[in-house]
Amino acid sequence: MNSGEWYILLICAACVFLVYQFYFHQKKNKEEFIQKAKKEWGKILEREEDYEQLERAAHFFQNYKNRAKNLIDDITWNDLDMDRIFQMMNHTYSSIGEEYLYWILRTPVTEKEEQEKKILSKRDFLIHFFSTHEEERIKLQLMFKTIGKMRTNSISDYVMNLFDVEILPNLHHYLMFGALLLSVVLLFLIPSIGILCLIASLGCTIYQYFKEKGRVEVYFSCFAQIASMLHYVEELEKMNIEELSPYVENLKKAYKNLKSFQKGVKFLGTNNMTGSFVEIFLDYVRILTHIDLIKFNQMLQIFHRHSEDIEILMQNFGLLESMIAIASFRESMPYYCIPEFISGTKAKLMVEQIYHPQIQNPVANSITERKGALITGSNASGKSTFLKTIAINAILSQTIYTTLAKSYQANYFKILSSMALQDNLIEQESYYIVEIKSLKRILDSAKEGEAILCFVDEVLRGTNTIERIAASAQILKSLSCDNVLCFAATHDIELTYMLEDSYSNYHFQEEVIEEKNDILFDYILYSGRAVSRNAIKLLSMIGYEKEIIKRAERSAEEFLKKGEWRC
């Protein structure tokens, strides 16, 4: 062999080696992901709270919430710390899956929607399918992993903003490239003029390229995600999974209208630079030809014409991956049940052995109510946690068709709370103002006639005792009507007597063990109002001076006998 042949042989060997390395790493990454997906299935993932991720996930809901019939408002969502519940079940690998899962949790299904569209039943079918078909589930998880997550903005934000992006004509791009070619020809025919024309056309081409690319480049990754989804429509069809056929049919219809969109994305390049020679060369080609800008404008036209098909892509892919995440969440819980719903607006709730998803080794409780409940008991005894347990499970029942209980029967509720409020420093509103506004929104909703499930923790805690009890009694009495089921936690025992005809009384209790200087809570819900008075005893256990304890006990006893406070 001569030296030229050796060079060719070495180049061929290098190419074969690079191809082998590429496919080897691809296969290795695939196998590692499969093992990871199997290991994480049915587990609660330990994550640090990522506020940017939560904000991105919320944007799909913010952008499309005007289309929902029933919403979990911001006050209720924050009261119940639903961001953490969302993170517990967020076993998603793509942006659209993550955003759609958040959307589901914020939009409980109404009775009418379930009757007409069978939304919850269809979700349950998919959840059960993914729970029992590991091979198919992992294939889809691999697909969603490849589609991936956007690290800067929400995909729904990009989609919404694209409607405001001006579609520019491509004529000037063609003219600039034509001028560039002409200057190259002149360079050979009339070098002195050709060099000047080449410099001028290059300068104009490069300037216009970076000027326009700066305007639209941010949307390239969004188009890449859409194109990736379109690619996997074909892959889903090839999988031939009968149980997913209704969703594949929806996707195929969208794909038919967006097929040319998919072809254009390869010209856009990528924002994740690897510095390879091929990539650098293609970047120069794009700068000189403006091919990526030309294709972007063409794809933007397709986007505007077929925006409904883009939404079909997002909704169907989002639904499929979110159901996988929910199936994993079900597996991670000690037990759950499928909720049973009661028709009509006459409020009723019956639950057995219900528990909070975030508590390890939780104490489960049962309750049946038709007229509302007042919950009393000392601090830390479990009142607020019980309210949150009922509220969170009501949301899970009407969103992911899953209740963390042995059984659950209830109406299709609009769910509202007024629990973990704070002063509004931006609006310069005190806690009391924030609280009465929060309560008023519940009262206003109650007047609309639909079934309401509401939760109030320490009614009007932001004002003095006399006015608090007087106003609280009237507010809670207003919430005692056929279509409203109100759960209220309070320290004001007076309310349990004043509202005895309108509310059932329940309490949590504790046992103070003075010889061990300890207090034990059993977190069990008992019927009737609280009778124990352990607050002063707790002062003693903490180490307060005996004289303070004696004076406090004496003052309390005197008030109980004479109805007057003395210090």
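How many bridges pair β7 with β8, and in which sense do the two strands run? They pair in the parallel sense, over six bridges. Two strands count as paired if DSSP finds at least two bridges between them. Before we follow that pair further, a word on what you're looking at.

This is a predicted model, in which local features need a pLDDT of at least 70 and side-chain atom pairs count only at pLDDT 80 or more, while totals for chains, interfaces and linings use all residues. Residues are numbered from 1 along each chain as its sequence is written, and side-chain values use heavy atoms, with hydrogens and water left out. That pLDDT score is the predictor's confidence in each residue, from 0 to 100. The protein averages 85, and 88% of the residues score at least 70. Confidence is lowest in helix α1 (residues 3-40), with a mean of 66, and highest in strand β2 (residues 349-354), at 98.

Now for the overall picture. The protein has 22 helices and 12 strands. These are DSSP runs numbered from the N terminus: helices are H or I and at least four residues, strands are E and at least two. Of the 567 residues, 47% count as buried. Buried means under 20% relative accessible area, exposed means over 50%, and partly exposed is in between (1.4 Å probe, protein chains only). Contacts are heavy atoms within 4.5 Å. Among contacts with a separation of 6 or more, 77% come from residues 24 or more positions apart.

Back to β7 and the sheet around it. An open sheet of six strands runs in the order β6-β7-β8-β4-β9-β12, with mixed pairing. At its edges sit β6 and β12 (526-527), each pairing on one side only. Over in β8, the bridge partner of V456 is A488. Six of the six residues of β7 are buried, so this strand is largely enclosed by the rest of the structure. I452, C454 and V456 point one way, while L453, F455 and D457 point the other way.

What covers part of this sheet? Take a look at helix α18 (residues 431-446), which has 16 residues. From its first C-alpha to its last, α18 reaches 23 Å, close to the 22 Å expected; that expected span is 1.5 Å times one less than the number of residues. Its buried residues are Y431, V434, E435, S438, L439, R441, I442, S445 and A446. Seen down the axis of α18, they fall within an arc of 145°, so they line one face of the helix. (The arc is that of the directions from the helix axis to the C-beta atoms.) Here's the general idea: an α-helix has 3.6 residues a turn, so residues three or four places apart point the same way. The buried residues of α18 pack against α3 (74-79), β6 (414-418), β7 (452-457), α19 (465-478) and β8 (484-489).

Next, the nonpolar cores. A nonpolar core is a set of buried Ala, Val, Leu, Ile, Met, Phe, Trp, Tyr and Cys residues joined through side-chain atoms within 4.5 Å. The largest one has 126 residues, and F130, L244, F296, L313, F317, L349 and F487 touch the most other members. Helix α16 (residues 307-332) gives this core its largest share, 12 residues. Zoom in on F317: leaving out residues up to four places away in sequence, F317 touches I96, M143, F144, M229, Y232, V233, L236 and L251. Apart from this core lies another, of 21 residues, among them V456, L479, C486 and Y503.

L349 also turns up in another strand pairing. Four bridges join β2 to β5, which run antiparallel, and L349 stands opposite A410 in β5. Strand β5 (residues 407-411) also pairs with strand β1 (residues 340-342), in the parallel sense over three bridges. There, E340 stands opposite Q409 in β5.

Finally, two loop residues with a positive phi. D81 has a phi of about 55° although it is not a glycine, and its place is in the loop between α3 and α4 (82-88). H290, not a glycine either, has a phi of about 60° and sits in the loop between α14 (277-289) and α15 (291-305). Buried or partly exposed? D81 counts as partly exposed at 30% relative accessibility, whereas H290, at 1%, counts as buried.
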